[in-house]
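I am opening a notebook on this structure. My plan is to look things up one at a time and write down what I find.

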Amino acid sequence: MKLYTSKFSPNCRRVEAVLHHLGLYEEVDIRRPNMMEGEHRSDEVRAANPNMKVPTLVAGDMNLWEANPTMIYLCDRAGAEDFCPSDLKTRFEILRWMSWEVQHYNRALAGILWETVAKGLFGGGEPDQDKIDTEMENYRRFAAVLNDRLAEHDFVLGDRVTVADFAVGAYSALALLPQSRIPLEDYPNIKAWYLRLESLPSWAKTAPDSMAEAAE
Ligand SMILES: N[C@@H](CCC(=O)N[C@@H](CS)C(=O)NCC(=O)O)C(=O)O
């Protein structure tokens, strides 16, 4: 398998973390196109993913793009029943939380993090407070749902980590940065869960070493 990926991207982190978790990382040819130089728009990446985005995984004759289905593919390929159960009820819950994070929770989070953390690194200028305020309203709405869920469980689906945690928690490292302005003090269960995730070996192995590296 071949993975086009980037150190900075939370979408790539979740796929790389799944590879570590499943013990598949060493089997994969890891390619890191230099995003600042636009290398992800090369013919090579475009041939595998017409969107020219990472993560993109090439597995035999399959080109896989979009992080969440790629993670499920890897789990199913590895037969990782504990990490990504296939019974109807649990699989529905995994897909539900994955849809929810894309559409609601991480969408709002990413909107804030772009303004507070990423924009400056990518030469985008000063944070736009109006945009932060709009996204913060969304963030608070959906963070309350996750915080309540995590009051009862250590992980999103229950008492053990699953692929749903790697999806919903994809932005943990950035959200924990002091400059992120994410109000985690108001959502202590999310903060505790983020720290729990960061301590998992497979998640920790994929942490950006520094913001300088992240900006590469
Ligand atoms: N929905 C996609 C998002 C992929 C994505 O937006 N990747 C970003 C990095 S986080 C990227 O490749 N950006 C480069 C670009 O859009 O030109 C997924 O889940 O994989």
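I began with Met 52, which I found in the loop between H2 and E3. Its phi is positive, about 60 degrees, although Met 52 is not a glycine. I am reading a predicted model, so I keep that in mind throughout.

I stayed in that loop. Pro 55 also lies there, between helix H2 (43-48) and strand E3 (56-59). I checked the peptide bond from Val 54 to Pro 55. The bond is cis, with omega near 5 degrees.

**Ligand shell**

Next I asked which residues surround the ligand. I listed Ser 9, Asn 11, Met 35, His 40, Arg 41, Lys 53, Val 54, Pro 55, Glu 66 and Ala 67. Both partners of the cis bond, Val 54 and Pro 55, are therefore on my list, given that a residue counts when one of its heavy atoms lies within 4 Å. I sorted the shell by class. The tally is 4 nonpolar, 3 polar and 3 charged residues.

I then looked up distances to N and O atoms. An N or O atom in the Lys 53 side chain is 2.7 Å from an oxygen atom of the ligand. The side chain of Glu 66 has an N or O atom 2.7 Å from a nitrogen atom of the ligand. For Ala 67 the backbone takes part: one of its N or O atoms lies 3.0 Å from a ligand oxygen. I also looked up how much of the ligand is covered. Alone, the ligand exposes 510 Å², and the protein buries 71% of that.

**Largest pocket**

Where does the ligand sit? I found it in the largest pocket. I noted a volume of about 1100 Å³ for this pocket. Its lining has 35 residues, and the closest to the centre are Ser 9, Asn 11, Lys 53, Val 54 and Tyr 171. Which of them gives the largest share? I wrote down H4, with 8 residues. By class, I recorded 19 nonpolar, 9 polar and 7 charged residues in the pocket lining.

**Cavity**

Last, I asked how many cavities of 30 Å³ or more a search of the whole structure finds. The search gives 1. The volume of the largest cavity is about 60 Å³. Its lining consists of Lys 7, Phe 8, Ser 9, Pro 10, Arg 13, Ala 170, Tyr 171, Ala 173, Leu 174 and Pro 208. At least two of the lining residues come from H1, and at least two from helix H7 (172-176). The classes here are 7 nonpolar, 1 polar and 2 charged.

Methods
Residues are numbered from 1 along each chain as its sequence is written. This is a predicted model: local features need pLDDT of at least 70, side-chain atom pairs count only at pLDDT 80 or more; totals for chains, interfaces and linings use all residues. Side-chain values use heavy atoms; hydrogens and water are left out. A polar contact is a pair of N or O atoms within 3.5 Å; within protein, one must be able to donate a hydrogen and the other to accept it, and residues adjacent in sequence count only if both atoms are side-chain atoms. Accessible areas come from the Shrake-Rupley method with a 1.4 Å probe; for residues, only the protein chains shown count as cover. On a 1 Å grid over the protein atoms alone, a cavity is a set of points where a 1.4 Å probe fits but cannot get out, and a pocket is an open set with protein on both sides within 12 Å along at least five of seven lines; lining residues have an atom within 4 Å of a point. A molecule sits in a cavity or pocket if more than half of its atoms lie within 2 Å of its grid points. Ala, Val, Leu, Ile, Met, Phe, Trp, Tyr, Cys and Pro count as nonpolar, Asp, Glu, Lys and Arg as charged, and the others, Gly among them, as polar. Grid points are joined across faces, edges and corners, and a volume is the space filled by probe spheres set on the points. Helices (H or I, at least four residues) and strands (E, at least two) are DSSP runs, numbered from the N terminus.
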